[in-house]
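This report concerns backbone features and helix packing. Please consult the structure shown below.

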Amino acid sequence: MPKLLYASSSPYSSKVRMAAAYAGIAVDLVPVKTEDKPSELISANPLGKIPVLVLEDGRSIHDSRAITQHLNRLSKNALFPRNPDKRLEAEVLEALADGICDCALSMVYERRMRPDTMVYQPWLDRQWAKITTALDLLNVNPPKLPKKITAGQMALRAALGYLSLRFGGQWEKGRGRLTRWAARFDEKYPELKGCVPG
């Protein structure tokens with residue numbers, strides 16, 4: 001069985017865990033702390049980033065988008081539509097959700113890694129502006145939640161879960177459609193709710 005090196009708070013790990021569960025692909029979940037630089041993680045991904053999917057033959061796949069594409073091939077398109085236009089839509093939504101997470105993580109690390117006197121507020125403001133612009137766009141027209149969802153919707157649910165974890169009470173105001181979308185996602189796909197960052 002392939003092993004997934006992950007952290008429960010990581011939105012990228014969350015997306016991949018959802019994708020594996022939704023596609024019906026069994027993976028052995030191995031929690032890791034990236035700050036400890038465990039040898040198992042570094043040997044699988046020299047960047048020391050998660051998630052990493054370690055295959056049974058020893059090869060490793062890293063970057064969450066590479067993993068969702070691999071899981072999609074294994075599951076014969078359970079995560080992305082075959083139709084080129086619909087597939088592109090799913091891939092763009094996944095990229096947008098991952099971009100929100102990139103900005104949010106940048107803010108978290110700016111505060112976590114620097115002394116308070118060295119935290120650069122203009123950087124934080126710039127990242128937050130990117131996040132809010134993306135959220136406002138998504139709030140106007142949230143993605144549909146059909147019977148068959150894609151890795152794009154899973155990525156967005158993971159991103160919103162991460163924002164709630166790290167920026168709870170800050171991103172929701174004025175975005176009722178998006179907060180309701182997250183609640184509906186959890187209601188429609190309860191088997192994935194345990195994968196939301198926490």
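Pro-51 lies in the loop between helix H2 (39–44) and strand S3 (52–54); helices (H or I, at least four residues) and strands (E, at least two) are DSSP runs, numbered from the N terminus. The peptide bond that joins Ile-50 to Pro-51 is cis, with omega near 0 degrees. The model is a predicted one, in which local features need pLDDT of at least 70 and side-chain atom pairs count only at pLDDT 80 or more, while totals for chains, interfaces and linings use all residues. Residues are numbered from 1 along each chain as its sequence is written, and side-chain values use heavy atoms, with hydrogens and water left out.

Most residues other than glycine have a negative phi.

| Residue | Phi | Loop |
|---|---|---|
| Lys-37 | about 50 degrees | between strand S2 (28–31) and H2 |

Lys-37 is exposed, at 63% relative accessibility, whereas Asp-63 is partly exposed, at 46%. Here buried means under 20% relative accessible area, exposed over 50%, and partly exposed in between (1.4 Å probe, protein chains only).

Helix H1 (residues 11–23) packs with H3 at an angle of about 5 degrees, and their axes are 10 Å apart. The two helices, H1 and H3, are therefore roughly parallel (an angle under 35 degrees). H1 contributes Tyr-12, Lys-15, Val-16, Ala-19 and Ala-20 to the contact (heavy atoms within 4.5 Å), and H3 contributes Ser-64, Arg-65, Ile-67, Thr-68 and Leu-71.

Conventions
Axes fitted to C-alpha atoms, helices over the stretch in contact; angles between N-to-C directions. Parallel < 35°, antiparallel > 145°, perpendicular 65-115°, else oblique.
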